[in-house]
Amino acid sequence: MTAAADRLAAPSRSPARHSATTRVVIYGLLIAFAILYVAPLVVMVMTSLKPLDEVTGGNMFYWPQHLTLEPWTKAWGTTCVGLTCEGIKGYVWNSVKMVIPAVLISSLLGALNGYVLTKWRFPGHKLVFGMMLFACFIPFQSVLIPMATILGRLGAIGQELTDATGFSFGFGNPTVNLVLVHVVYGLGFTTLFFRNYYETFPTELVKAAQIDGAGFFQIFRRILLPNSAPIFIVTVIYQFTNIWNDFLFGSTFAAGDAAPMTVALYNIVNTSTGVIEYNVNMAAAIIAAAPTLVVYIVAGRYFVRGLMAGAVKG
Amino acid sequence: MSTLEIRSLRKKYGSLEILKGIDITLEKGGFLVLVGPSGCGKSTLLNSIAGLESITSGEIRIGGQVVNDLHPSKRDIAMVFQSYALYPNMSVGENMAFGMEMRGVPKPERDKAVAAVAKTLQLEHLLDRRPSQLSGGQRQRVAMGRALVRQPQVFLFDEPLSNLDAKLRVDMRIEIKRLHQQTGTTIVYVTHDQIEAMTLATKIAVLKDGELQQVGSPYEIYNSPSNLFVADFMGSPAMNLLEGKITGANGARQILIDRRDHAPIVLPVPSSADATRLSEGANVIFGIRPEAVNDMESIDRNAKSVVTFDATVEIVEPAGADTYVVTRAAGKEMTARMRAETPVAVGQTHTFAFNLDKALLFDPQTSRRI
């Protein structure tokens with residue numbers, strides 16, 4: 001083990017193996033790409049901290065002369081999204097209300113699918129899994145119209161329920177609709193993640209729990225789930241990023257006040273009246289991107305660990 | 001009444017038959033070892049008893065009750081798995097109490113039962129640890145503790161020692177035997193290690209290709225194997241099985257074993273064989289264990305029938321307590337187990353002796369013992 005590790009580590013440790021030019025090329029490329037990736041973010045942050053005249057009058061790479069947080073407060077509270085001028089705060093909240101249930105439900109259902117597809121195999125389980133995998137590769141544009149039809153039906157049911165009981169039970173609510181859409185189209189990926197993770201999960205544990213008298217859901221809740229933290233984190237990050245960043249479904253199925261953050265951002269940037277407030281746009285864009293960044297920074301190392309867990313046993 | 005009864009048990013996967021009619025009974029307090037090469041169906045048989053696999057036909061009774069269609073948790077069994085199958089997210093104590101928790105036993109009772117078993121197995125100081133913090137031997141003991149806590153009618157062990165290193169395996173073997181003696185539990189134990197089978201069992205069942213080859217005490221299995229497979233499978237080094245021919249008329253039958261560079265070995269029919277079933281010119285397989293092949297100095301003093309012959313020594317394997325000497329007869333290698341101090345050298349001709357009291361004859365056609 002140590003001998004092998006030494007052999008692996010040796011080339012990077014011994015400077016003799018790399019000439020100075022090789023190292024200059026390697027570090028030069030790495031630095032160039034790092035700048036390429038970081039530059040847009042730096043420009044965004046700088047622009048969002050400048051007053052508007054500095055943005056329109058100066059170079060975008062100039063350091064702000066008068067630091068101001070005004071674009072941020074405006075983006076959050078008073079900028080115009082479409083016809084209403086109340087900032088993006090309501091839309092951020094729309095996104096949160098949609099993302100949290102959608103991520104949790106799709107991850108839990110994916111875990112349940114993975115559990116059944118590996119530990120309670122039934123004839124045809126391979127076909128079912130194959131079809132779920134297929135769901136990962138469906139272009140979302142192609143399902144917009146069928147989905148719209150289904151959501152229309154659900155809306156009609158909601159209308160009838162409202163007429164009958166005065167309450168729609170969530171049918172036809174745009175946020176509920178988006179949660180449903182994201183759960184349905186996220187299931188392929190979450191199932192894939194959990195199935196591959198549970199494939200290496202020792203079946204003897206399930207057998208032992210059966211002998212101990214645990215039932216289907218007890219085994220899932222007491223044995224499988226508590227040992228799924230790595231893959232759960234991977235799935236949550238993946239789903240959170242995808243659903244938070246989704247624009248297509250949001251703009252199609254949730255118009256107006258119920259629109260998620262991404263759609264609101266588009267409406268701010270795409271305004272056709274007055275001066276384009278780049279500083280406010282940048283602040284709004286950073287606010288929109290922040291949650292996924294935070295999630296990745298907080299849980300990123302678990303993400304890598306979870307991806308590895310399926311690949312390397314033990 | 002037997003604690004475990006298996007009658008004409010069959011198991012099929014599609015058209016593939018894994019178990020081809022198994023009949024075994026095990027009395028209370030017995031220790032049954034299922035042994036056989038990989039793929040012989042021994043694990044399938046154990047899983048069928050546990051209820052983890054359904055059976056195609058036949059009957060399994062535990063404590064007189066037919067359990068064919070009972071859920072594993074209702075069969076009054078406990079199982080120790082090869083990988084121990086300890087729940088990694090629970091402490092040792094919670095692992096042991098999980099079965100009781102699932103059956104709704106109140107916490108004070110659970111704690112009491114766990115404490116009692118932990119004391120027997122000297123696990124008291126480990127109860128709050130996680131399985132990942134334990135050594136291999138400790139995990140093994142926890143797995144046994146989890147089984148013991150249930151106080152089942154039958155314990156099932158699925159190759160429980162195969163993940164341990166050689167020394168620990170011997171220690172745990174002794175511990176399992178002690179546990180069996182102290183508690184008088186009924187155990188079914190699967191292994192492919194024939195030393196484990198010999199040392200632990202009160203009853204051994206040898207399986208091959210889903211068929212029961214022989215069931216009997218370790219002594220019977222070792223000394224009177226019913227066919228060539230059992231003879232070859234049990235014992236290490238394996239029994240010498242040499243092709244021979246019957247010569248001589250009725251009443252004076254002899255066995256002739258041809259050799260290339262020495263005179264043939266001529267032997268009287270061993271006492272274990274039924275001489276009336278032999279006919280002149282018939283082929284037989286002469287079976288003799290390495291410990292019954294010695295020289296005149298180290299042969300069993302009480303042996304009634306001894307035959308000596310000269311042979312060339314091909315390989316000498318000193319094993320500490322004994323020295324294994326490999327020579328050649330009937331075109332095959334033949335191993336002799338000699339005293340460690342035996343003066344033999346490769347290439348030399350040495351005078352060997354067969355202890356015919358321990359020799360067996362097999363029919364090469366049916367492979368059964370004669």
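The contact between the two chains takes 17 residues from chain B and 14 residues from chain A, two residues being in contact if their C-beta atoms, placed from the backbone, lie within 7 Å. On the side of chain B that touches chain A, the elements that give two or more residues are strand E6 (77-80) and helix H2 (92-102) of chain B; helices (H or I, at least four residues) and strands (E, at least two) are DSSP runs, numbered from the N terminus. The residues of this side of chain B divide into 12 nonpolar, 4 polar and 1 charged, where Ala, Val, Leu, Ile, Met, Phe, Trp, Tyr, Cys and Pro count as nonpolar, Asp, Glu, Lys and Arg as charged, and the others, Gly among them, as polar.

The model is predicted, and local features need pLDDT of at least 70, while side-chain atom pairs count only at pLDDT 80 or more and totals for chains, interfaces and linings use all residues. Residues are numbered from 1 along each chain as its sequence is written, with chains lettered from A and ligands numbered from 1 in the order in which they are written.

Chain B is divided into domain 1 (2-226) and domain 2 (240-362), with bounds that come from an automatic or database domain assignment. The centres of domain 1 and domain 2 of chain B, taken over C-alpha atoms, are separated by 40 Å.

In chain B, 5 strands form an open sheet in the order E13-E12-E11-E14-E21, with antiparallel pairing; two strands pair if DSSP finds at least two bridges between them. Strand E13 (265-268) and strand E21 (360-362) of chain B stand at the edges, each with a single partner strand, so one side of each is left without a neighbour in the sheet. From one strand to the next the twist averages 40°. Strand E11 (residues 240-247) and strand E14 (residues 283-288) of chain B pair in the antiparallel sense over 6 bridges, and B:Leu242 has B:Phe286 in E14(B) as its bridge partner.

A cis peptide bond, with omega of about -5°, joins B:Ser236 and B:Pro237, and B:Pro237 lies in the loop between helix H8 (228-233) and E11 of chain B. B:Ser8, placed in strand E1 (residues 2-13) of chain B, has a phi near 30°, a positive value in a residue other than glycine. Most residues other than glycine have a negative phi, and most peptide bonds are trans.

In chain A, helix H6 (residues 125-135) and helix H8 (residues 174-199) pack at an angle of about 130°, with their axes 7 Å apart; axes are lines fitted to C-alpha atoms, for helices over the stretch in contact, and angles run from 0 to 180 degrees between N-to-C directions. H6(A) and H8(A) are therefore oblique to each other, given that angles under 35 degrees count as roughly parallel, over 145 as roughly antiparallel, 65 to 115 as roughly perpendicular and the rest as oblique. Residues making this contact include A:Phe129 and A:Met132 of H6(A) and A:Leu187 and A:Arg195 of H8(A), and by class the contact of H6(A) with H8(A) has 6 nonpolar, 2 polar and 1 charged residues.

Helix H5 (residues 89-119) and helix H11 (residues 229-245) of chain A pack at an angle of about 140°, with their axes 9 Å apart, and are therefore oblique to each other. Their contact involves residues including A:Val99 and A:Ser106 of H5(A) and A:Phe232 and A:Trp244 of H11(A), with 8 nonpolar, 6 polar and no charged residues by class.
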